[in-house]
Amino acid sequence: MIVNQNIKVIVSDLDGTLLNSNHTISDKTISVFQKLHLHNYLIIVATGRHHLDAMPILDSLGFPVYLVSSNGARIHSPDKKLLYSFDIKSEHIQSVLSIDIDPDITTVLFKEDIWFTNKYNKKLNDFQPEIMYRPELVNFNELEDYAGIKLLFTHDNHSKLLAVRDQILEKHEGLFNHAFSLPFCLEFMDKSVDKSVAIAKILELENFSFQETLVFGDGYNDENMLQEAGIGVLMENAPQSLKELLPQLEITTTNETDGVANYIINKIINSKLELQQ
């Protein structure tokens, strides 16, 4: 059964969506996406990860895809050429980092080829099966150039991150776009940066519209692209608060049980591609 014959573009988040708990794409999911590619579906991956971090993971698909990274601050073509970039101004980041932030929180500044951090964080490092994008311990008070792609704050206590968010927004109204990509990851980008904005640029380039997209996501940084999609699908493992915010969306099974692949097989193109479960 083909639920929507107008779907020409598949868009997916990575962590909590396309990736399992080992931060890899399962063989089943790879097989499904390879068949999508053979049948000329446009594939876009939209992630909060840095492009150097995401690219080795996407190589496992076995074919080139568009990559939206750092929540929309970078767009790379299927042949890995940089199509779009937008950084946060140095003075804006410096102003944020001058705030008295809880020292228990790990602070990360994404630069082009490296990420600066105030402390080693095993949980963050474990997100990279291959370390292509390396951390460097720094004293943020001693940097000369603060310009960067994205600011990230992480802590297992979600309430501490909420407090940091409120501190930053109180003093920097209108400067940033922010989102929780995961409950323990708070991310700040320039106000113009969003996954949906970057996806729209790709769709225009490829002569498609959002109405022709099927979009999968699990985090608040996916909210706008899910809202814009022809079909938006939340993962079962998405926060309950996000499910309540987007009650109109369908829900598929978890990232641990190949929720993206299962939805594609069962509801979108099962008969058309004759996929086997």
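**Salt bridges and their surroundings**

Mentor: At 23% relative accessibility, K160 counts as partly exposed (buried is under 20% relative accessible area, exposed over 50%, partly exposed in between; 1.4 Å probe, protein chains only). This is a predicted model, in which local features need pLDDT of at least 70, side-chain atom pairs count only at pLDDT 80 or more, and totals for chains, interfaces and linings use all residues. Residues are numbered from 1 along each chain as its sequence is written, and side-chain values use heavy atoms, with hydrogens and water left out.

Trainee: What is the mean pLDDT of the protein chain?

Mentor: pLDDT is the predictor's confidence in each residue, from 0 to 100. Its mean for the protein chain is 89, and 91% of the residues reach 70 or more.

Trainee: How many salt bridges does a search of the whole structure find?

Mentor: A salt bridge is a side-chain nitrogen of Lys or Arg within 4 Å of a carboxyl oxygen of Asp or Glu. The search finds 13.

Trainee: Which residue forms a salt bridge with R49?

Mentor: The partner is D15, with the closest N and O atoms 2.7 Å apart. R49 lies in the loop between β2 (42-46) and α3 (51-58) and D15 in helix α1 (residues 14-18), so the pair ties together parts 34 residues apart in sequence. Helices (H or I, at least four residues) and strands (E, at least two) are DSSP runs, numbered from the N terminus.

Trainee: Is R49 buried or exposed?

Mentor: R49 is buried, at 5% relative accessible area; D15 is also buried, at 11%.
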